[in-house]
Amino acid sequence: MADISSSGGPSMARSQSQTTKLALRIILYLALCIFALFYLMPLFVMITTSLKSLDEIRTGDLMSLPRDVTFDAWRSAWSEACTGIQCEGVRPFFWNSVLIAIPGVLISTLLGALNGYVVAQWRFKGANIFFALMLFGCFIPFQVVLLPMARMLGVMGIAGTIPGLVFVHVIYGLGFTTLFFRNYYVSIPDELTKAAKVDGAGFFRIFWSIFLPLSLPIIVVTVIWQFTQIWNDFLFGVSFSQAGTQPVTVALNNIVNSTTGVKEYNVDMAAAIIAALPTLFVYVVAGKYFIRGLTAGSVKG
Amino acid sequence: MSPILDVKNLYKNYGATAVLHDINVSIEEGDFLVLVGPSGCGKSTLLNCIAGLEPISGGDLFIGGQNMTNVSPKDRDIAMVFQSYALYPTMTVAKNITFGMKVRGVDPATQEAKLKHVAAQLQIEQLLHRKPGQLSGGQRQRVAMGRALVRDPKLFLFDEPLSNLDAKLRVEMRTEIKALHQKLGASMVYVTHDQIEAMTLATKIVVMKGGVIQQIGSPAEIYNRPANLFVADFMGSPAMNLIPAKARRNGNGTKIEIARKDGEPIVLTDTRNTDLPEDVIMGVRPEDIADPARLTSEHAQIAECLIEIVEPAGADTYAVMQLGGKHVTARLHAETSAKAGAQQSLAFDLGKVSYFEPETGQRLN
Amino acid sequence: MSKWLQDNMPKIVLAPSFIAVMIFVYGFIGWTAWVSLTRSRLMPRYELDSFIQYERLAASPRFETAMVNLFIFGSLFIIIAMVLGLLLAILLDQKIRTEGAIRTIYLYPMALSMIVTGTAWKWILNPGLGLEAMVRGWGFEEFRFDWLVDPDMAIYTIVIAAIWQSSGFVMALFLAGLRSVDGEIIKAAQVDGIPHWRVYTAIIIPSMAPIFLSAFIVLAHLAIKSFDLVIALTGGGPGYATDLPATYMYAMAFSRGDIGQAASSAMVMMLVVFAIVVPYLYSELRTKDG
């Protein structure tokens, strides 16, 4: 505030800078709102479109609110829309995704917790090499394993099945789940393990009684991460499933890109929202952990 | 009776780097052994080896007469207190203390009785239902002690247990550990980098550096007769003055010449050591350079010195001068007449002087 | 439990994952690499035949389009997402009262499947009934926005949708970075009378270099793997105007029955990823061990 006296008295300068400040604040909030509209617009369009009739879509414009709200498109998307030759909506595929995601998330999280526990707390020769190999695996483009995996699933007799997809998701999710738990456990002093060893506890006892009770935050992060990954997956789903076992993302794409009949945009949008609901729900309920997983998966990886 | 802990020719390597080199230590029942040294000297590694938390690369380790070299920590009949206390964060204080017994399958009634006993002993009864996160540093320290005490082991191991406490609490807990040791008559191995802790607690001190034992002895032996320059410098505060000097045989004694910044060298006569080489390092504790009136040893010798700095410290006043090219500290009484920049006559107690060989650093007398 | 079992339990626990990674990651990369050096078509063949598949890739106009598209899409996507993400992070860093809500809005697209994103934007950008029709409806009869069906412009629709999906995430990364800058340095700068915007350009942003690197790596990785978005938004069309290596690989593997081409294009993708990621991973692991 050294230059105040030179600009015509302190009070005047203050009120001037106060006005500039206010103007800047208004511009700032305006900019933030415009960006918010940009991010919200597609969701808004999806929802309104899904509530319109096809006639209204053809005559009205993209952003208008529905004149007559109708849930026909939702009903159709859920249980009638055609995915290729089948016309049962996304419902069976939604359940497929559930059946793939739940065991996939549980198994990969459990294995990741054990791996992370070993790598962080039971360092032995080669444990770091193992970790580096796993970390590397997080980054490969999955195209490079698609062909041999298709053959391998055939050899194992689980090609085109839901267990087959669970297996694939567990294998390629391990890198990240191990990374999450390793980075979490590595910050826990190894004196804890030593104290428990002196107390007579063994490998699993220490994991079960001491580390697992400490792990709730990282379990939530990992479960959310894996759930989002598996639920939103398309590449594995489209490559390794067959008619009855496709996940919901594949079904959605089939509905949208099916060339038969009239293009029902409202049904497309309803189906897209249905496919997005579980992960959106998780995001709204546990956004903090969702973001933590994203940043941990990228900054640390 | 066999020693309670006997370490024989112990080696420990990490890959190609040797961390511990030919360690031999043994203690009797009731001993309080302190492993002391600067950080990275291998003292904590040695403790971990004794606990069985680190495999050893060579040698043998006996606890209570039994060879424990390849025995897992839980079967060594030991208990350990860690620097970070290592309390299990999700368990209450009571569960922390009884976890070991629970793992071992001790019946609940015994667990309860022992918990009560230990809690009373350490005055932590009111904390039993809290979690470690709700405790202060001192309280955590007590709980960690309780977890060890409840085991009633042959040997207690402490890994820098006081280093996370603030200065005042540290002194209190130090006294408490000493009292506990005297009351229980237990055998203890205690690691610290704090030489005052070592002096006050130990019945036996092991000074280590670079994975090699420098000296083993009672606190008095270590303090009064350090085995080499490292021990001399490391133990004691303020540190022992280590003054380069020339020794010349002279009749039935030795003349010790110490150079001064300006003027003639100081010459002192040592009548007890007649066998010194020409170049020596003379080690004098600060309290062995004092006001002539207060130092009444028969080996006292008086010399004039130029005082450079005077540092009053309450009970004592430290005077710093330059002798043999080194800063030398004398411990004078509080009301000394010494002034910075003035000459002062000081008495050197040659009865307590140590001599070291400058090249090897080994003790000569 | 015997002592041997106890001592080796960590290794036993790690073994299944280790074996899985060795087979399903490294073994499979090896298999793909091998097959990419053969004359495999509908079925894999294992006699090595030099670089014939890579020569075919180099001669294929469709793969050339895919690589050019990857370059256009990748660079635009990375640059715009980073600039936008940084801008949003700085705007949000000005003690905004509703920060939590705004952050939630900016970031939610990241929770969606690329298929959902593609479906939504396909509808919005569709010229007949989407944005173009809407603006014409407002009276601008000449307005044209038909990139989705224009082979020269379609790739940019993918850029738009990808930025919409990922820029909020970049914002979150940068915001965390802005917040992690030592508060005392900023206070010192304020005491020195350095203007607010200069604190950003001179102190905060330069100290976030590692975050820029992370964001770059993540975005580059996303760009190279982009597959779902293209499938849902343009299906690679019009024609193969919006093909990326990922969609090329998929088409060769599962609709054209050309395993050799699929394998070699997958290898090219992996090499591109590794060229970006390996130096980064190497430095990360080194600093972690040290």
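User: How many residues of chain A are in contact with chain C, and how many of chain C with chain A?

Analyst: Two residues are in contact if their C-beta atoms, placed from the backbone, lie within 7 Å. Here 69 residues of chain A touch 78 residues of chain C. This is a predicted model, in which local features need pLDDT of at least 70 and side-chain atom pairs count only at pLDDT 80 or more, while totals for chains, interfaces and linings use all residues. Residues are numbered from 1 along each chain as its sequence is written, and chains are lettered from A and ligands numbered from 1 in the order in which they are written.

User: Which helix gives the most to the side of chain A that touches chain C?

Analyst: Helices (H or I, at least four residues) and strands (E, at least two) are DSSP runs, numbered from the N terminus. Helix α1 of chain A, residues 10-50, gives the most to that side, with eleven residues.

User: How does the side of chain A that touches chain C divide by class?

Analyst: Ala, Val, Leu, Ile, Met, Phe, Trp, Tyr, Cys and Pro count as nonpolar, Asp, Glu, Lys and Arg as charged, and the others, Gly among them, as polar. The side of chain A that touches chain C has 51 nonpolar, 15 polar and three charged residues.

User: What makes up the contact between chains A and B?

Analyst: Chain A brings 14 residues and chain B brings 18 residues. On the chain A side, α8 (191-198) and α9 (203-214) each supply at least two residues. The most comes from α8(A), with six residues. By class, the side of chain A that touches chain B holds eight nonpolar, one polar and five charged residues.

User: In what order do the four strands of the open sheet in chain B lie?

Analyst: Two strands pair if DSSP finds at least two bridges between them. In chain B the order is β2-β1-β4-β5, with antiparallel pairing. Strand β1 (residues 5-14) is joined to β2(B) by seven bridges, and B:Tyr14 stands opposite B:Thr17 in β2(B).

User: Why is one side of β2 and of β5 in chain B left without a neighbour in the sheet?

Analyst: β2 (17-27) and β5 (66-67) of chain B stand at the edges, each with a single partner strand, so one side of each has no neighbour in the sheet.

User: Is A:Arg58 buried or exposed?

Analyst: A residue is buried if 20 or more other C-beta atoms lie within 10 Å of its own, exposed if 12 or fewer, and partly exposed in between, with C-beta atoms placed from the backbone. A:Arg58 has 12 C-beta neighbours inside 10 Å, so A:Arg58 counts as exposed. A:Arg58 sits in helix α2 (residues 54-59) of chain A.
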